[in-house]
Amino acid sequence: MGNFILLQAAYLVGVADLSSIPGHPAVVDLNRFNESTQAVAEACHRISSCKLNQAQILEAATVIAKQTTLLANICRDASSQTSDSGAKRHFINYARDVAGSTANLIKAIKVLDHDFNENNLTECSRCTQPLLSSLDNLSAFVMSPEFAGLPTKIAEAGRRAQKPIVDAGRLMVDGSIEMIQTSKLLALNAKDPPAWQLLGTCSKNVSDSIKGLISAIRYK
């Protein structure tokens, strides 16, 4: 937790420099998005192979229903995060296309479940194609550069401003480690004068580094 606070303080000081460029996260969590689209695509390909039994098709349908629901949620979140009205509309429309083609596939699978025959199996295979197509369209839109995240660029002046905080933080961490190591020695031999002297020195170093860290943050 302490290291995180130090890093956060250094980041804020660096990015506050006027010549630094603040970053921003991606509109869409691509890891979640890719996992869901891949799961749906694999389930569709399994169904379209026409080699699954009834139980396996129902299992694939469950995967598709679950993952397309997650994709709809991702699109809804992305729509709420972008200020571009056109992008908002596209996210909603693409999500609606995926939902519609999913509903048609699930409907065909229900018919197949009621009457498992070759014609119904072929119809299920056919219904996977519009879903895969809508996924391709959604993926192409999501991968647009405008939705990608932008890493923060700390300018040289910002890095110089960070240095006192980083240096003071490093001294504090190093001093704390030395205190812990010295305390372990004293736990083995509490009557070791050099160890007590070293502990006092380490304690002073940690105290001084904390004061230096506070000063470095206060005057930025």
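I start with R126 and E123, whose side chains meet in a salt bridge at 2.7 Å, N to O. A salt bridge here is a side-chain nitrogen of Lys or Arg within 4 Å of a carboxyl oxygen of Asp or Glu. This is a predicted model, in which local features need pLDDT of at least 70 and side-chain atom pairs count only at pLDDT 80 or more, while totals for chains, interfaces and linings use all residues. Residues are numbered from 1 along each chain as its sequence is written, and side-chain values use heavy atoms, with hydrogens and water left out.

Searching the whole structure gives 1 salt bridge. Both partners, R126 and E123, sit in helix α5, residues 118–142, and are 3 residues apart, about one turn of the helix. Helices are DSSP runs (H or I, at least four residues), numbered from the N terminus.

Next, the cysteines. How many disulfides does a search of the whole structure find? The count is 0, where a disulfide is a pair of cysteine sulfur atoms within 2.5 Å. For C124, the nearest cysteine sulfur is that of C127, 6.6 Å away. C124 is buried at 0% relative accessibility, and C127 is buried at 7%.

Now helix α4, residues 85–114. Its 30 residues should span 44 Å at 1.5 Å a residue, and its end C-alpha atoms are 44 Å apart, which agrees. The expected span is 1.5 Å times one less than the number of residues. The buried residues of α4 include F91, V98 and L105. Among the elements covering the buried residues of α4 are α2 (30–48), α3 (54–81) and α5.

The largest nonpolar core has 35 residues, and V28, I64, F91 and L131 touch the most other members. Such a core is a set of buried Ala, Val, Leu, Ile, Met, Phe, Trp, Tyr and Cys residues joined through side-chain atoms within 4.5 Å. Helices α2, α3, α4 and α5 each give two or more residues to this core, and α5 gives the most, with 9.

Conventions
Buried < 20%, exposed > 50% of the residue type's maximum accessible area, 1.4 Å probe, protein only. Contact = heavy atoms within 4.5 Å.
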